[in-house]
Amino acid sequence: MNIVRALKCRECGHEYEIQPTHVCEFCFGPLEVVYDYEKLDGYFTRELIESRPQNMWRYKELLPIDGEPSVGAQNGFTPLVRAKNLEKALGVSELYIKNDSVCYPTLSFKDRVVSVALSKAVEFGFKTVACASTGNLAGSVAANAAAAGLESYVFIPHDLEQGKVLGAGIFGTKIIGIKGKYDDVNRLCSEVAGKYGWAFVNVNVRPFYAEGSKSLGYEMMEQLGWKAPKHVVVPMASGSLCTKVHKSIKEFIKLGLIEDNGTAVYGAQATGCSPIAKSVKDGTDLIHPVIADTIAKSLAIGNPADGFYANRVINETGGWAEDVSDQEVIDAMKLLAETEGIFAETAGGVTLGCAKKMIESGKLPRDESIVLCITGNGLKTQEAVVDAIDKPRIIDANLKDFDELAAADGFDAAA
Amino acid sequence: MTVSVRIPTPLRKLTGGADEVNIEGANVGEMIDNLEAAHPGLKERLCDENGEIRRFVNVYVNDEDVRFMDGRATALKDGDEVSIVPAIAGGC
């Protein structure tokens with residue numbers, strides 16, 4: 001059942017037919033997909049959803065494509081992990097990790113947004129797809145485009161982590177490094193999108209693309225037993241994920257799939273690029289762009305497109321925003337890995353680091369349910385932690401040498 | 001001062017389809033006023049009722065965001081390249 005109604009300007013409310021465009025012609029405000037939810041009355045039930053395969057398309061009525069997905073049909077449905085060890089380490093009673101570091105196929109939540117964007121691009125008739133990326137999106141566009149038989153161009157800052165460059169290049173995409181920061185890449189892509197007629201997933205197809213993030217929220221609620229958490233912490237770059245997780249919760253409430261649990265949404269940024277967190281802390285909705293400088297490169301967007309709306313979601317839900325230093329990011333990456341066996345990328349360190357800080361400051365209560373959204377995989381940002389972990393101890397292939405080492409570790413060989 | 005201004009797709013209906021126009025102006029504010037004179041309707045798209053550049057509009061002079069310079073007062077010189085880019089793009 002297709003319930004998509006239109007594209008609607010978030011500022012002036014002007015509505016547009018469904019088409020590959022992302023800004024309002026009248027006020028330059030962002031366009032968002034709007035739906036006729038009442039068409040789902042009595043149809044879109046927990047039972048229907050549970051009867052479907054375990055991927056993000058089990059919620060397809062709430063994603064803005066016309067038919068069945070033509071790209072990324074297997075994507076999504078990542079684990080929600082009860083983080084018992086991390087609960088002890090942080091002194092909280094109910095903590096979960098939504099683990100998109102293992103999202104199929106490229107190990108970040110971008111596979112969700114890309115499968116929606118590219119499925120929509122195919123519906124629109126595009127043959128070439130493209131993106132401006134801090135890395136994860138490049139890999140996801142490249143991989144999903146390859147699988148769908150689409151040509152792709154990905155634009156990245158020239159100084160990205162090797163794992164992210166390789167993780168896009170392997171798929172045979174045309175990869176363009178731009179001398180500049182992500183914000184420079186983004187600006188160029190806005191101009192290229194207008195000129196070449198390609199589907200830029202986060203430019204002219206952005207309203208559709210961004211909706212894909214809601215699937216992370218839907219899964220979180222279904223996996224909690226059809227319940228929203230009291231608190232959810234999300235990393236913020238443009239701020240889009242923050243707004244879409246909130247939208248997912250409001251939609252499930254509206255559709256009667258869950259009760260309103262008064263969920264508060266919290267945003268996490270790195271101190272070296274924290275324009276949204278700063279606006280929340282300063283009590284203003286004015287976002288001052290910054291020149292990004294942080295090891296959390298996937299969050300290094302100095303001029304966040306959805307910053308204003310993320311700020312509003314945080315304020316309206318009674319959440320908060322925090323930022324952490326690069327050292328705190330590394331410490332949190334190690335903490336997550338050592339307590340829960342999850343190797344998150346730098347953005348995951350930002351999310352956990354900020355959550356830890358907000359627990360300590362009392363902004364996040366210790367006795368209510370908290371979900372941390374981990375959105376990418378640490379194998380892609382190894383540079384960040386390579387000097388922070390133990391090196392292997394080298395010995396000969398000799399039992400006596402190992403016995404000495406084990407004895408030093410306090411182990412006695414069984415007699 | 002004559003500068004070239006790159007016009008984004010959503011505004012080209014107002015410039016007769018032109019993706020670049022040449023405009024006079026000693027600074028960004030003046031340039032926008034002259035844009036309005038040449039292509040009526042452009043200013044209200046770019047600026048709010050107080051004349052401030054809208055939240056969702058980015059203006060760059062020679063690839064530098066005017067927010068990092070002097071905003072509307074940013075001085076222009078002959079041959080400068082100005083880009084107007086909708087802010088709503090990128091990231092997630």
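Me: Why is Val232(A) called buried?
Reply: Val232(A) has 28 other C-beta atoms within 10 Å. A residue is buried if 20 or more other C-beta atoms lie within 10 Å of its own, exposed if 12 or fewer, and partly exposed in between, with C-beta atoms placed from the backbone. Val232(A) therefore counts as buried.

Me: What kind of model is this, and how is it numbered?
Reply: It is a predicted model, in which local features need pLDDT of at least 70, side-chain atom pairs count only at pLDDT 80 or more, and totals for chains, interfaces and linings use all residues. Residues are numbered from 1 along each chain as its sequence is written, while chains are lettered from A and ligands numbered from 1 in the order in which they are written.

Me: Which element holds Val232(A), and what is in contact with this residue?
Reply: Val232(A) lies in strand 10 (residues 231-235) of chain A; helices (H or I, at least four residues) and strands (E, at least two) are DSSP runs, numbered from the N terminus. Contact means that two C-beta atoms, placed from the backbone, lie within 7 Å. Neighbours within four places in sequence aside, Val232(A) is in contact with Val245(A), Thr263(A), Val265(A), Tyr266(A), Val371(A) and Cys373(A). Leu372(A) is 140 residues away from Val232(A) in sequence, with 6.0 Å from C-alpha to C-alpha.

Me: What makes a set of residues a nonpolar core, and which residues have the most contacts inside the largest one?
Reply: A nonpolar core is a set of buried Ala, Val, Leu, Ile, Met, Phe, Trp, Tyr and Cys residues joined through C-beta atoms within 7 Å. The largest has 121 residues, and Val129(A) and Tyr266(A) have the most contacts inside it. Helix 3 of chain A gives the most to this core, 7 residues.

Me: What makes strand 11 and strand 12 of chain A a pair, and in which sense do they run?
Reply: Strands pair if DSSP finds at least two bridges between them. Strand 11 and strand 12 of chain A have 4 bridges, in the parallel sense. One bridge partner is Ala321(A) in strand 12, for Gly267(A). From strand 12, Ala321(A) and Asp323(A) point one way, Glu322(A) and Val324(A) the other way, and all are buried.

Me: Why do strand 8 and strand 9 of chain A count as edges of their sheet?
Reply: The open sheet of 4 strands has the order 8-7-6-9 (chain A), with parallel pairing. Strand 8 (174-178) and strand 9 (199-200) each have a single partner strand, so one side of each is left without a neighbour in the sheet. Strand 6 (residues 128-132) and strand 9 of chain A pair over 2 bridges, and Ala130(A) stands opposite Phe200(A).

Me: Which residues of helix 11 of chain A are buried, and what covers them?
Reply: In helix 11 (residues 307-317), the buried ones are Gly307(A), Phe308(A), Tyr309(A), Ala310(A), Asn311(A), Val313(A) and Ile314(A). Their cover includes helix 9 (240-254), strand 11 (264-270), helix 10 (275-282) and strand 12 (321-324) of chain A. Gly318(A) follows helix 11, with a positive phi near 80°.

Me: How many residues of chain B are in contact with chain A, and which strand of chain B gives the most?
Reply: 21 residues of chain B are in contact with 31 residues of chain A. Strand 5 of chain B gives the most to the side of chain B that touches chain A, with 3 residues. That side divides into 11 nonpolar, 4 polar and 6 charged residues.

Me: What confidence does the predictor give chain B and the complex?
Reply: pLDDT is the predictor's confidence in each residue, from 0 to 100. Chain B has a mean pLDDT of 90, and 96% of its residues reach 70 or more. The complex has an ipTM of 0.77 and a pTM of 0.93.

Key
Nonpolar A, V, L, I, M, F, W, Y, C, P; charged D, E, K, R; others polar.
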